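Please look over the sequence and structure shown below. The paragraphs after them go through selected features in turn.

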Amino acid sequence: MSVMDPAPAQISTSGRDYFATLARWKIWEILFWAALAGCYFVPEMDRMLMSRVIIWGLFAMSLDILLGYRGIPSLGHAVFFGTGAYVAGFCGKYGWTEPISALFFAMAIAAALGWLTGKLVQRVAGVGLLMVTLGLNLILFDFVLRSTDLTGGDDGLQGIVIAPVLNMFRFDIYGRTAFWYALVVAFILFVAARILVKSPFGLALIGARENPRRMITLGAPVEGDVSRAFMIAAALAGAAGALLTQTTQTVAPPTLSFQRSADVLVILIIGGAGRLYGGFIGAIVFILLQDYLSSISPVYWYFWIGLLLVVIVSFFRKGLLPSLDALLQRFIKRKPDTPS
Amino acid sequence: MASILTVLFNGVAYGFLLFVMSVGLSVTLGMMNFVNLAQASFSMLGGYILVTAMQGYGLPFLLCLPIVFVLVGVVSVVVERLIFRHFYKTDDLTQVLLTIGLVFMSIAMATYVWGGTYQRFDMPSWIIGQKEIFGLTLETYRIFLVGFGAVMAVALIFGLERTQLGAMVRACVDNRRVAGACGLNTELIFAFTFAIGGGLAGLGGALSANLLGLDPNFPLRYLVYILIVVSVGGMGTITGTLIAALALGIADVLGKYYFPQFGSFIIYLLTVAFMLWRPHGLLGRGA
């Protein structure tokens, strides 16, 4: 923080206290995760669907690090999701059936790819950036679709075997293990991401989003932070992809199609970027809506998704969560206490 | 030797098609910085209007083209006035999301009105078949495309460089605020340019329907090509768009003819490399 700014009243003079205030868990956050876990006990709940919601939420949260906190739009985020999904698929196919270590391995590969991508695009902006990220997505998709010997092409990988989690919980068709596995992994990664964005590093990302020139004069490594943000976002997206492979035991090219990149962007925008929870809220709205609409009109449901998108960017420019938040703030007439 | 020239010629024909589809987007991007992915939907609309006019009303092919141009131009200016103009001050991403939402909607609407299958065309007999030119056997339709595209390109470059309206448009592209301060009605000029660009996109779609096939997923298939042309050529430049479109058309046809196992891979790779080398495109202005 600059010494020129008069510190707001509730921010303590000591930096450590400031970050401690930021990092304090709020009651609604605990309620949110408790409610998500509670879904398991609701009778008639489709647990496979819920685990898909959680995985998409994690995926959208990974994009949030990049877009919401660093302000970099990416039209190719499915690259990292798909990389994680295929790495986990290869692991399961060639004998590395233990899921948790395979998940870490998938994250590491995706992170390396993310770091490289960040290095590539750190000087490109605007339409050029959209084009490059989209182009990278198309390259990978084309590659996977055509390397039929390696990836099975259109049919996807066959014969993926995933061992029981911790040697105790087998993946079953009711999605019991899938649900808890996805939820616990997503929660742990969420906590890690939360610590990260509430740290000085997170503050530097927001600073570079708001005013990169000023951050440079403050001595912040703005360009290096781009590749670091890409790396972190890619690792999280890779984890989401690996989760999807492991819970469904299948992986096919649609996991890294441009459609998926667009969908995750839509999810994040619906929920609202820049507050980690936006991705999860967006995923709940999007996936449940998708499930409902595609069951009542299999051909035309994309019309409603398109309309939803247009309405969201027209009337809730920042997404559902920030708009609700602003409404709430106005209602109780209190100044917002977090910088994002 | 003859075959490589034929392939090259097919690439040029394809390139002119891409040029007609994307030139409107390039100019409006340069002028208002508005990322309009729905340009591809205008192209699809053009294709469907052509089908309806030819198959439904039995109008001759050449008469259908001006009808397509006018109708799609009107539709695009209506969309611009109703929706797009509220989004000129927002960031790239909001515009991308808004217009991709419209693309999704247009796909569903096209499926509803025209059905989800590929459209069948009965082109007039004079345009089907092949002709011998300089010892090369070329398809008549592609010869027509090259001629049409070349005339369009010359007319657009001439119109922009030599007419008063073109000067106004160039002024708005260079600096919209100063142009406004000089007394130009920038909103009106923009709406007009948008109409012409949309009409051209429709024309491109109509001309391509016979060659590339027309179904409701047309916008998603060609969106990427339009974006490549615009970003490689540089926004706000007709010449840059023309060069990029021809290069893309030739590279795509050559690649698919000689290295079919790679598909579009080479194109995407070249585009990404090019964008990293020149982030503002071939003839685009910095920032």
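With 15 C-beta neighbours inside 10 Å, Gln249(A) counts as partly exposed, because a residue is called buried if 20 or more other C-beta atoms lie within 10 Å of its own, exposed if 12 or fewer, and partly exposed in between, the C-beta atoms being placed from the backbone. The model is predicted, so local features need pLDDT of at least 70 and side-chain atom pairs count only at pLDDT 80 or more, while totals for chains, interfaces and linings use all residues. Residues are numbered from 1 along each chain as its sequence is written, and chains are lettered from A and ligands numbered from 1 in the order in which they are written.

Gln249(A) lies in the loop between α11 (222-248) and α12 (258-271) of chain A; helices (H or I, at least four residues) and strands (E, at least two) are DSSP runs, numbered from the N terminus. Although Gln249(A) is not a glycine, its phi is positive, about 60°. Most residues other than glycine have a negative phi.

Leu276(A) also has a positive phi, near 60°, and is a residue other than glycine. Its place is the loop between α12 and α13 (277-296) of chain A. Leu276(A) counts as buried, with 24 C-beta neighbours inside 10 Å.

The contact between the chains takes 31 residues from chain A and 34 residues from chain B, two residues being in contact if their C-beta atoms, placed from the backbone, lie within 7 Å. On the side of chain B that touches chain A, the elements giving two or more residues are α4 (92-114), α9 (218-233) and α11 (265-277) of chain B. The largest share, 16 residues, comes from α4(B).
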